[in-house]
Amino acid sequence: MLFNSFPFLFFFLPLTLIIFFVLAKKKHSFATAWLAIASLFFYAWWSVEYIPLLLGSIVFNYGMGWKIGHVIAPARFRWLSFSVVVNLGLLAYFKYADFYIFSVNSALGTTWSLLHVILPIGISFFTFTQIAFLVDTYQGKVAEYRFIPYVLFVSYFPHLIAGPVLHHKEMMPQFNESETYKISSKNFSIGLSIFAIGLAKKVLLADNLAPHAVFVFDNTDHPSMLIAWGGILAYTFQLYFDFSGYSDMAIGLSRLFGIKLPLNFNSPYKAVNIIEFWRRWHMTLSRFLRDYLYIPLGGNRKGVARRYLNLFITMVLGGLWHGAAWNFVIWGSLHGVYLMLNHVWGFIALKLHIPVTSRAWRVCAILLTFIAVCFSWIFFRASSIDIALQLSRAAVGCNGIGLPDAIGYQLGSAKHLLEAWGVKFYLGGGDRFVQMYAWTLLAALIAFLTPNTQQLLRHFVPALDYVAETRTTSICNWEWKPKSVWAVMVAVLLVSSLLSLNRPSEFLYFQF
């Protein structure tokens, strides 16, 4: 069941909301249990055969968390290690077994049969969420062990399939607050507003960019530089608005129930360097990798060389988390190298007193960071390394620049001048080329020049409580006094999006 589908919008969501608040008037625990059941139904709509796996994972990790929290210190680490190994083993089997067999067959010439394991949807997210719970329990950060709220914490439908990756302490206290179970016009208006913005990002932008990305990545053989970059940019912004839209929709839906999810996306293409990019892109996953992988590896505490190695390992494993294929390893490796170069550059800039805060420098830095990210997306999106390498060569001009002949005809005498500069013209594709770059330009203008969801709401809200240093605080505790035009804007976005829901498409991060 998709957030951007009629069954969800007109059946599941209203029914879940109504019953939740009806039960909340009788007893809060009834409402919690109902929301947990509804979340399990939401997951079963996707893959009912994996409900036992999800429930088994929840029961196992709840039991391990209780054990870790109630045994003496020497045994706690052993129970933590055991439970983490089981979780990672389960994830490895479903996500990486066939990848491992394929890689061994390719390297050694063996003929082991693939297992053809079907990846349970959301397994990466509910596994990482529960590993964070186990580690937090070991560190003494978990103070309660109620089973039904824990089931809801893991299976909560706004975050179950594609994040954010949650901490136990971010959710459990909210289930104890009486305000959570009260119908609130403020929560409904804020939640609906954020949801409408997210739905528009997905339906009106990401889904219209998708065909152009598919055209280049899946159907074009040896494309010219301009065609290659058209497809690369189309996917770059498709992924941006697809994931940004999902993140907004998850926060908005959750707010309808009075529950606040952490911010997970904050205009990453406006980042001035790769370090900042990862503080803005999939923020809760970046936090998880930092807290539970980079820091345990040693972080920056064991010298410069070890710091760079830890960064590289973290990003390679982060790449593998996104997918069991070598192109994801290359993508993660690229970002590992980017981060190392970023740290080296930061040291050089500090020593040479380079004015990196000037406006011109920031514009150049944003552009360079964006190009580097775009180049890495080639390996993230391509279905094989061969296609990724082919597009990479095309992107740097190895196949010529290239324009459709229909555009050359419109250029008149300028066509000959461009040909003299090495631009080649080919037959067909004029309409596709124009549409691809028109959508890409529109997406770029919105991504770079307009405020994001948080900034947009601030324009209409005079007061807010936002903890900037955590970088994960969602829209919450605001004095909600929107201007009258806000209702019109939200209505236009909702109606436009609903009229475009003829064929709902999955969110890209569902595959991870």
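Trainee: Is Arg301 buried or exposed?
Mentor: Exposed, because its relative accessibility is 54% and the cut-off for exposed is over 50%. Keep in mind that this is a predicted model.

Trainee: Where does Arg301 lie?
Mentor: In the loop between helix H12 (283-297) and helix H13 (304-322).

Trainee: What lies 3.2 Å from a polar atom of the Arg301 side chain?
Mentor: The backbone oxygen of Ile295.

Trainee: And how many Å separate the C-alpha atoms of Arg301 and Pro7?
Mentor: 51 Å. Along the chain, those two are 294 residues apart.

Trainee: New topic. Which residues make the nonpolar surface patch?
Mentor: Val344, Trp345, Phe347, Ile348, Leu352, Val356 and Trp361. The patch is about 620 Å².

Trainee: Which helix gives the largest share?
Mentor: Helix H14, residues 326-352, with 5 residues. Trp345 is in that helix.

Trainee: Why does Trp345 count as partly exposed?
Mentor: Because its relative accessibility is 35%.

Trainee: Which residues of H2 are buried?
Mentor: Among them are Trp34, Leu35, Leu40, Phe42 and Tyr43. Ala31, Thr32 and Ser47 are buried too.

Trainee: What covers the buried residues of H2?
Mentor: The cover includes helix H1 (6-26), helix H3 (51-70) and helix H5 (123-138). Helix H6 (147-155) and helix H7 (157-160) also contribute.

Conventions:
Residues numbered from 1 in each chain as written. Predicted model: local features only at pLDDT ≥ 70, side-chain atom pairs only at ≥ 80, totals over all residues. Heavy atoms only, no water. Patch = residues over 30% accessible without salt bridge, like charges linked within 9 Å, V, L, I, M, F, W, Y side chains within 5 Å. Areas by Shrake-Rupley, 256 points an atom, 1.4 Å probe, with all protein chains shown as cover. Salt bridge = Lys/Arg side-chain N within 4 Å of Asp/Glu carboxyl O. Helix = DSSP H or I, 4+ residues; strand = E, 2+ residues; numbered from the N terminus. Buried < 20%, exposed > 50% of the residue type's maximum accessible area, 1.4 Å probe, protein only. Polar contact = N/O pair within 3.5 Å; in protein donor to acceptor, adjacent residues only side chain to side chain. Contact = heavy atoms within 4.5 Å.
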